[in-house]
Amino acid sequence: MELQLLLLFMIFAAVVAVEVKDLLSSVIAVGAVGLGLSLAFLILKAPDLAITQLVVEILCLIILIRATIKKDMPLVRDGRWFFNTISTLLFIALFLLFAYFALKELPCFGQPTMRVAREYIEKGLEKTGATNIVAAIILDFRGYDTLGEATILFTAVMGVLAVIRRAGRIKDEK
Amino acid sequence: MKILPFFVIIPLGTAFLISLLGKKIKSLGDILANLGTLILLALSLYSIRLVDAHKILVYKVGGWIPPIGICMVLDGLSSFMLVTVNLVSFLVALYSISYMEKYTGKYKFYTLFMLMLAGMNGIIISGDLFNLFVFLEIASISSYALVAFGTEAEELEASFKYAVMGSVASGFILLGIALLYSYTSTLNMADISLVLSEKGSSLLVSFIAVLFLMGFGLKAALVPFHAWLADAHPSAPASISAMLSGVLIKVLGVYAIMRLFFNVIGISNTILSILMFLGAISMLAGVILALAQWDFKRLLAYHSISQIGYIVLGIGLGTPLGILGGLFHLFNHSIFKSLLFLNSGAVDYSLGTRDLREMGGLKERMPVTANTNLIASMSIAGIPPFNGFWSKLIIILACLQANRFGYALCAIVGSILTLASFMKVQKYAFFGKLNERWKDVKEVPLAMRLSMIILAMICIIGGILLLPIFRPFLQSAVDVLLLGKGYAGIVFGAIQ
Amino acid sequence: MSEYILCLILFCIGLYCVLRKRNIIKIVIGLGIIEYAVNLFFVLIGYRMHGRAPILAKDQQILNMVDPIPQALVLTSIVIGLAVTALIVAIAIRLYEKYGTFDITKINRLKG
Amino acid sequence: MKNKETGMTLIVKTITRLTVGLILLYGIYIVLHGHISPGGGFAGGVIIALSFIHLMLAFGRETALKKLSEAWASIIESIGAIMFLSIAILGFIGGHFFFNFFLNKGKPFDLFSAGIIPLCNIAISLKVGAGLFAIFAALVLFQGLGEKE
């Protein structure tokens, strides 16, 4: 039950983040969503993720606040705005309806199939020696994924350093 | 047997080394990037022989048996894509030696370039769904940064739009993967395929298919999701435009769609007709939008949408001939489209403008660029001896064979409009009277000329000679797709 | 079941924000919300009723653990989200410097 | 103009001076115990980066960049990445890419157990910590340059 309440809180905070005029408030509301997510991870028995989400959330907020300068733009409601909003909402409603019927075929909440995962839980300690099964998965069984993950962060750092250069081109001496 | 990991290790290693030492040693980026791509090209050519001999190779990363660990799979389709990607990237790296002199921070360019290559190679050889997603993100993120590499206003704007659309697409793909994991409780693609065929068709699987189609369709710039491409591809440096249009949209979009829909989820008539429809629409819309363009690179970018339409139409036919035509066109398009973008880069390098109306008579001043551009234009328009003609012919014949006369007509109309649009390029840019302003324009440096000439050679050889030699190589790629869900059995057979 | 739907509603709020908002920062926020929703969905499908966290303690029988795979995947996915956010914010700051506005409808030198 | 007065007020500075070391230590603890308890290289790396960012926010960027300049952060990041890749390649000793090549995995619950996992954690934390710090420094430095012009 507490999970549903937490989810409702997150949805509320997300709506606030989307609709509030002041950008700083909006960023802070997104922070609330992130912290709610961290709590949800804790309830869902994922302490690794809770820690990571918490610290990443802090960092994200610092970066976002760095970018926040002004207030939101005033809304312009011309004919096209109305049409576009309606079509977007229609698309989202269709998506949710389709999802509602499709999700019924998933295993019920709280009863995952765990075909492969059972193997990890039963043999993880003896095969890798790590007591934290998640660490055993990300760094041994699926270590190749983590190499990719580290590379993504590396790519982002390189990308930021490349984008932030003062001048992109060497100017001709004319 | 152990070459598979090196398709990822080599580009990653070179990228890290260039970023570590590139600032101190100026020429290190040029040397390492060219050497790395050359080795990768050699390895991928060698992989053709391996596939000939073994049919399929499975590499267990970390020594774990596949459903537990991640595996890499090399089969006919992967080998075909590897050759395409590494061939184009080697020539682009060669071209960049001179071309990127205009930009600052060249070593950052090479680092991002090698990371993008690592991402694409990783996607192609991955046999694990989530691993595919991770490498897809590496390739996408590096391409967002590379589009903005010039840091001018237009480039940043294009990059921002591209990054937002790309991230939404990734969100859809990841949601699809989550649903698929919950339904099958495994991430290995062969294993998923087995579980799905046991469970039979259901609404959930079609929901996942829609999510994947939206996500990968966005990455491939199929028509309802094409808006970002026309901004992003022209804004990048020319060598990156060549990579993006030439191989990136094909690996991230078309290859992933082929692999997932044919081999994992299983193809159905509904999906095939959706693919054909999207293909035909992209084909026509792209070329019609291209007709009105005066910016050289933007015109080429719209043609990319149109040509992706041909490829998807061919694959969507689902017949052996159609898939053969689609894959052959994929290869040809990556050759001549990268050549065209390199040409546009050469013109930009010498003249400093991309507007066709300001050019004229460049044939006298830049003979190599003009002649290679003529060859590429005839290729893309489908003039007989060149490679583009054969692949378009095969696609049209396949349409007729499958009794899809409407689509065949669309393909012919698209081809005629393409011809018209490239006549315009030739007329305004290279023929006609030389504009006074460009009197002392010089031909581009050697490295740029060399890579353009090699690409033009492949265009000619691909048309006349390669089809007989190429046939078994293409056929092994087609066989993988025709296998459909038999893929799982073969992968598990190879593990033992 | 209701958890899944609530999670997808969160996803759709993010989607709406990305598609309909004009401020660049709002769009970045929308991308963040999409990211959160997908991550949460992944962990939800791995949850097991009355399960334990997948960390072994001393002298303990392994019986009823939640699915560890989604957690490992989400760890990767969080990093991807952070990387994308950082890159997009960097691009947005440069855009602000060039155009002097965060309004996406005013940032339209490219068209056609 | 007011070069001496960079950063925040005295209270913030004093508290920062007291806590920054603890935050750094906590990050290192999280990294080293990643295979036994929740946490791991990534979370630990972010905490290490946050400790430097904390310093930068409180004392202004010069003080922080004196401790770890942007160029060095970039180099450490590359070294971390190469280290991780080398660990993966070293797996070829055991015959496979990414093979956990320590045959003796040590006693469970020990700090030195689980083969390559703690090593990978250290490499990742170096990479993540330095990388995120480099991103932040780049974004802040950019603002500084923008104001001068």
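Student: In which loop is the place of B:Lys55?

Tutor: This is a predicted model, where local features need pLDDT of at least 70, side-chain atom pairs count only at pLDDT 80 or more, and totals for chains, interfaces and linings use all residues. Residues are numbered from 1 along each chain as its sequence is written, with chains lettered from A and ligands numbered from 1 in the order in which they are written. Helices (H or I, at least four residues) and strands (E, at least two) are DSSP runs, numbered from the N terminus. On that numbering, B:Lys55 falls in the chain B loop between helix H2 (28–54) and strand S1 (57–60).

Student: Is B:Thr151 buried or exposed?

Tutor: C-beta atoms, placed from the backbone, are counted within 10 Å: 20 or more others is buried, 12 or fewer exposed, in between partly exposed. B:Lys55 has 16 such neighbours, so that one is partly exposed. B:Thr151 has 23, so it counts as buried.

Student: What is the phi of B:Thr151?

Tutor: Most residues other than glycine have a negative phi. B:Thr151, in the loop between H5 and H6 of chain B, isn't a glycine, yet has a positive phi of about 50°.

Student: Which element gives the largest share of the side of chain B that touches chain C?

Tutor: Contact means C-beta atoms, placed from the backbone, within 7 Å, and 29 residues of chain B are in contact with 28 of chain C. Helices H5 (129–147), H6 (153–184) and H9 (227–235) of chain B each give two or more residues to that side. The largest share, 17 residues, comes from H6(B).

Definitions and conventions. Two residues are in contact if their C-beta atoms, placed from the backbone, lie within 7 Å.
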